[in-house]
Amino acid sequence: MDAASIHGKLAERFGEKIVAFQGETLQPWAVVAPDAIAEVAAFAKSDPDLAFDNLLCLSAVDYLKEDPPRMEVVYHLFSYEHRHVFVLKAHLPREGAHLPTVEGTWAVANWHEREAYDLFGIVFDGHSDLRRILLPDDWIGHPLRKDWVDPDFYNGMHVKPTPQMAERAMAGEKIGVGPFDFTPPNRHVDE
Amino acid sequence: MSNQAYGWRVDEIDNDEMILNMGPQHPSTHGVLRIELRTDGEIVRAARPHIGYLHRCFEKHAESVDYPGVIPYTDRMDYVASMGNSLGYALAVEKLMGISVSPYVQTIRVIMAELQRIASHCIAVGTYGMDIGAFTPFLHLLRDREKILDLFEWTCGARLLYNYNWVGGVSHDVPEGFVKACRQFLREFDATTYPEMIDLLIKNKIFIKRTAAIGVCSPELAVSYDLTGPNLRGSGPPRDLRRDEPYLGYENYEFDVVVGEGKFGPRGSCFDRNWVRALEMKESAKILHQAVDRLEKMERADVHEKVPKRVKPAKGEVYARSEAPRGQLGYYVVADGTGVNPYRVKVKSPCFTAMSIFHVLAKGMMIADIIALIGSLDVVLGEIDR
């Protein structure tokens, strides 16, 4: 099936839950209302004409400068039977973004959603095991958000020496803790 | 597919059960992977993998450099098969910009990709034998992998991380006499490496008994967890992007797609996944023979002809997949059309999804078989953690 007829099929079944459709791009996509994504996913997999049994990729993108700013979750689907692909998108607010999980439909979504939670802070309702996956459990913040600022401290340790710190260290003051003691690289030149 | 047994609390653990930590320094975990095993004697009741020890936030790096600048970072994800990684990224950006490279560059890329596939499978099959306890095949295969690395070094100067596939071309043309050296390697491969590997390892009775009945993965489970590459083909579905959605002119080469046959046990076992890898090396050699013949007949062309002066795609996005040695490697690249940096690069790594199925397959196994399972999935932690 081509993208337009896949969209037609979804729009016929879900009506206004399919918010928008863009068929004029490299890879056509449809925007789905976030609260309906689990039902749309289940339908896309179980319907014999669509049969999207494979979730190729689940990614999150942070559109900070768009008006209004939004978070996007992108689902790339593939069908082994019909060999067609389709892209679903869900638009979310940047703060407190949450939408239903699709791990009941595609088991691989479990880890993909954990990754999106870890790096973007998107909460997937009903997820069986929503923990951080790549970053340490005690990490604060979600680094792939566009407004992310590198922290100065991690667990009380300086991780980003500031120019002021470098100046103080050059003056002979001990900065940092234990092995994370910050010594400027050209220190030996002075001595 | 309930994952309730996947995260457990201390008070859920029986008196007879014990939590065993495997890794991150365990030699058979192929990198820094930690697995929590909930064991009852020698039997694994549940397993919980912990990844992220090698996380370098590739995706954040990619947003802070320009499009060509991402390529060296992609090399460092799957450091056993760097050519495949940079190729996938180059294909994605070329698709976004609408660049099509010349047949000469395509042939060079095919040769490099297939040489890399053989080198990567040498490591995969060799270390798998070593995990199980067969040391000799590992030495033989590493010896022959060196020859491929020599060819790469001769071409682009690097032995492991190449920065070879550029957007719109490759970094260096193949040197004078490359075709001859490549033929020499293929002769040696067909005459010694491949038959030696089959005789020493694949036909080894102990090896078969050790792997042919464990870690069985059904096709439905494999598709649901998005297993790709040799892991999927071991379970039966003959899915290979090189044949199904050809890129780089793969449709012009003759080769077979190897699938697991379940010769010595149920189909989709650890043995089958490894068997697919071993036999795929032969298919790659077949492609190489044809590609080298073609390259010889071609006139030398400028490999930088299509490399854009400034890589700045128009606003858009693309998800491009290619068949890397470990499975389908997908790059989701978003361009905002304003800056010279990618707005977002997401990598769907085949090892990431292969690791996510681990807790399902590991359930009910013996502890010693866990080693055989990890090896058969052929994960590279650099690519899982990115």
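Begin in chain B of this predicted model by selecting two groups of residues: B:Thr136, B:Pro137, B:His140, B:Leu141, B:Asp144, B:Lys147, B:Ile148, B:Leu151 and B:Thr155 in H5(B), and, meeting them from H6(B), B:Phe178, B:Ala181, B:Cys182, B:Phe185, B:Phe189, B:Thr193, B:Glu196, B:Met197, B:Leu200 and B:Leu201. Coloured by class, this contact of H5(B) with H6(B) shows 12 nonpolar, four polar and three charged residues.

Now widen the selection to the whole of both helices, residues 136-156 for H5 and residues 178-202 for H6 of chain B, whose axes come within 10 Å and cross at roughly 165°. Because angles over 145 degrees count as roughly antiparallel, H5(B) is described as roughly antiparallel to H6(B). If you look along the crossing of H5(B) and H6(B), its hand is left-handed.

Next, select strands E6, E7 and E8 of chain B, which form an open sheet of three strands in the order E6-E7-E8, with antiparallel pairing. The edge strands are E6 and E8 of chain B, each of which pairs on one side only. Neighbouring strands of this sheet are turned against each other by 15° on average, when direction is ignored.

Select the contact between the two chains, where 29 residues of chain B are in contact with 24 residues of chain A. On the chain B side, the elements that give two or more residues are helix H1 (58-64), helix H8 (219-224), strand E6 (316-324), strand E7 (327-335), strand E8 (344-348) and helix H12 (350-356). By class, this side of chain B has 12 nonpolar, 10 polar and seven charged residues.

Finally, select chain A and colour it by secondary structure, which comes to five helices and nine strands. Followed along the sequence, these elements of chain A give the pattern α-β-β-α-β-β-β-β-α-β-β-β-α-α. Of the 191 residues of chain A, 34% count as buried. Among the contacts in chain A with a separation of 6 or more, 44% are accounted for by residues 24 or more positions apart.

Methods
Residues numbered from 1 in each chain as written. Chains lettered and ligands numbered in written order. Predicted model: local features only at pLDDT ≥ 70, side-chain atom pairs only at ≥ 80, totals over all residues. Helix = DSSP H or I, 4+ residues; strand = E, 2+ residues; numbered from the N terminus. Buried ≥ 20, exposed ≤ 12 C-beta atoms within 10 Å, placed from the backbone. Contact = placed C-beta atoms within 7 Å. Nonpolar A, V, L, I, M, F, W, Y, C, P; charged D, E, K, R; others polar. Pairing = 2+ DSSP bridges. Axes fitted to C-alpha atoms, helices over the stretch in contact; angles between N-to-C directions. Parallel < 35°, antiparallel > 145°, perpendicular 65-115°, else oblique. Left-handed = near helix turned anticlockwise from the far one by under 90°.
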